[in-house]
Amino acid sequence: MTSSRGAQTALHLFLVWATMVAAVPTLGFWLLVTAWGGGAGAVMLALALGVPLTVGLLATTGIPVRAVVPLCGSVSQRLGWAVLVFVLGTLGVLAGLAAYSGDVDLGSAGTRVALTGVPYAVAAAFFVPNRWVRLGAVAALAAAVAYGGFIGPTQSRQRQHAAEVARYREHPELLYVIATPPGMRVARAEVGPAFFYVEYHSVQQDAYVALAVRSPLTPKLQCPKPVEKEMACTVDGHGEMRTLRDFPGGVITLTRRYRNAEVAVSSKMLDEPGLRHLLHTLHPLSDTELEELMREKVIDQRAAG
């Protein structure tokens, strides 16, 4: 390709891009406004007027390359070329919209507007009888498919995952867990604005241990007054509170202060030494443990209020 033909081709592709950057968003906005106020009939009328006008504008971009692109040699050929470029480019725009609706990052509003002209310029490049121009178009198409179909969705999932982790870790001072009791697994976990709750169930579903971490409600642990019916409550000299409900053989709960949180562990299966041993294993929820809870889909978040 001579320098003159190269300059003509570059100008041609730039004009295709610039024309469609102006025309496509305008046409889309017109259709949106028409659909909002006039219904399906008005949309069809807008399409009947807008599409031929857009194709006509696109055909004018083929004038500088009449001697370079065979399909742009005459007025009728340029109109046929414009229809082909419009159809192929619009398919590319629709693919971009589908990717964007799937939360693929396409940049700022200005970048997205600029990208609307790219599919049409790439489509036009395929009609330039030059191997390097067509290879460039193939490379651009391959890059768009790779980003829109694979790279972009992967990045979107990573962003969503990071945002979900950040929501769970909004109150890290409450995110503590115990070592999973032998023969048990985490059955449910819930994160709230002032609490973190985890239930451990046995594989046979015949026993459980519950861990509740919450913001302290009082300066020191104290038994509720009046004490509920069928409940015994004591606070020892170390500030640890023991409650027993539905005795005999009821649910035992040990509660103690840990840093800036109030931690309670309950069970109907374990005795006090067993619960106290579990409290000694209390530790901050690690990233690995949080990832496992999310992967097993056993953790949920409760909104404030």
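The following legends describe close-up views of a predicted model.

Residues are numbered from 1 along each chain as its sequence is written, and side-chain values use heavy atoms, with hydrogens and water left out. In this predicted model, local features need pLDDT of at least 70 and side-chain atom pairs count only at pLDDT 80 or more, whereas totals for chains, interfaces and linings use all residues.

**View 1. The disulfide between Cys223 and Cys233**. A search of the whole structure finds one disulfide (a pair of cysteine sulfur atoms within 2.5 Å), with an S to S distance of 2.0 Å. The S-S torsion is about -90 degrees, so the disulfide of Cys223 and Cys233 is left-handed. Cys223 lies in the loop between strand 4 (208–214) and strand 5 (231–235), and Cys233, 10 residues apart, in strand 5; helices (H or I, at least four residues) and strands (E, at least two) are DSSP runs, numbered from the N terminus. Both Cys223 and Cys233 are buried (under 20% relative accessible area; exposed is over 50%, partly exposed in between; 1.4 Å probe, protein chains only).

**View 2. The cis peptide bond from Lys225 to Pro226**. Omega is near -5 degrees. Pro226 belongs to the loop between strand 4 and strand 5.

**View 3. Asp103, a residue with positive phi**. Asp103 is not a glycine, yet its phi is about 70 degrees. Asp103 occupies the loop between helix 2 (75–101) and helix 3 (109–115) and is partly exposed, with a relative accessible area of 37%.

**View 4. Lys297, with a positive phi of about 60 degrees**. Lys297 sits in the loop between helix 7 (287–295) and strand 10 (299–301). With a relative accessible area of 74%, Lys297 is exposed.
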